Number of protein chains: 2
Amino acid sequence: MKIGDLAKRSGLTAHTIRYYERIGLLPYADRNQSRHRDYDASILTWIEFLGRLKTTGMPIRDMLRYAALREAGAGTEAERRALLEQHRERVRAQVDELNACLLVLDTKIDGYVETEQRKIDDDAPEQHRIRGRRKPA
Amino acid sequence: MKIGDLAKRSGLTAHTIRYYERIGLLPYADRNQSRHRDYDASILTWIEFLGRLKTTGMPIRDMLRYAALREAGAGTEAERRALLEQHRERVRAQVDELNACLLVLDTKIDGYVETEQRKIDDDAPEQHRIRGRRKPA
DNA sequence: TCTTGACTTAGAGCGCGCTCGAACCCGTAG
DNA sequence: CTACGGGTTCGAGCGCGCTCTAAGTCAAGA
């Protein structure tokens with residue numbers, strides 16, 4: 001598979017793939033006789049996993065640590081596991097934080113809904129007003 | 001309240017507060033007779049809300065749109081609400097995505113746990129092996 | 001044979017969100 | 001009076017993660 005095909009299938013650009021190889025996030029790819037990179041489909045699994053790490057906010061420098069352990073092969077599993085477990089905790093905390101923010105957003109939005117409802121009530125004739133949203137004068 | 005106090009109470013640096021004012025994220029602050037910024041405690045509420053938007057990944061340019069509507073005052077509520085509702089949807093999607101990633105992480109970590117367990121089994125004497133984790137030779 | 005288009009490398013540039021440095025101004029404590 | 005610990009402005013610099021340009025190579029199709 002050439003870099004353009006991999007780009008299409010992975011969703012990365014060819015530029016980004018080369019960049020990832022340069023910094024060590026992707027292993028140095030085999031080249032064919034024209035010095036063009038020649039990929040095995042299995043690389044897609046790794047790219048997909050990198051995408052998950054990225055989605056969850058892992059900085060590249062941490063992905064590099066994981067990638068290096070992976071390259072080092074057997075014997076690094078405990079360290080890889082520790083790295084992922086730490087990351088998992090950070091992601092869980094992040095999800096909790098986002099959910100807390102969602103509650104605040106809900107409250108804020110409800111506030112605007114009420115503001116708009118008051119406006120509608122004001123514009124409506126008296127007999128159409130509903131459920132006492134106005135403070136008594 | 002002076003900028004240093006606000007910095008302590010908000011968690012931002014004085015540099016960042018000035019930067020936010022410069023770009024319009026914070027309203028232009030009143031100055032005292034020494035031309036020093038003099039803040040009312042109420043600004044903290046706004047800074048806190050900005051923090052929520054930031055936590056949830058809203059880019060500064062969008063916060064600026066919201067801040068501008070807020071400055072514009074009454075009559076912009078519907079637009080502000082729409083902005084926040086759109087953002088809320090994005091955040092919800094983000095939470096879903098993170099949760100999906102967490103499942104993948106769990107699977108990956110479980111894989112490493114098993115690898116390590118096999119190692120322990122291999123090191124242990126035969127009679128201590130448990131629950132047939134090994135393929136039969 | 002010539003053109004087209006995808007590939008190669010090295011390195012510069014960019015958008016974001018700060019972060020910091022320089023040079024200066026003030027008010028207060030010693 | 002002087003030193004110090006804030007504050008001020010303006011503008012440059014930085015870390016991140018790409019993104020793009022330039023100049024060249026190569027293989028396949030008209």
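Predicted model: local features only at pLDDT ≥ 70, side-chain atom pairs only at ≥ 80, totals over all residues.
Local features need pLDDT of at least 70 and side-chain atom pairs count only at pLDDT 80 or more, while totals for chains, interfaces and linings use all residues. Residues are numbered from 1 along each chain as its sequence is written, and side-chain values use heavy atoms, with hydrogens and water left out.

**View 1. The interface of chain B and chain A.** Contact (heavy atoms within 4.5 Å) joins 33 residues of chain B to 33 residues of chain A. The buried area, which is the accessible area (1.4 Å probe) lost by the two parts on being put together, summed over both, is about 3,200 Å². Carbon and sulfur atoms give 75% of that area.

**View 2. Salt bridges across the interface.** The rule (a side-chain nitrogen of Lys or Arg within 4 Å of a carboxyl oxygen of Asp or Glu) finds six salt bridges between chain B and chain A. One of them pairs Arg81(A) with Glu116(B), with 3.1 Å between the closest N and O atoms.

View 3. Helices here are DSSP runs (H or I, at least four residues), numbered from the N terminus. Helix 3 (43-55) and helix 5 (77-123) of chain B each supply at least two residues of the side that touches chain A. The largest share, 27 residues, comes from helix 5 of chain B.

**View 4. The axis between the copies.**

Conventions:
Chains lettered and ligands numbered in written order.
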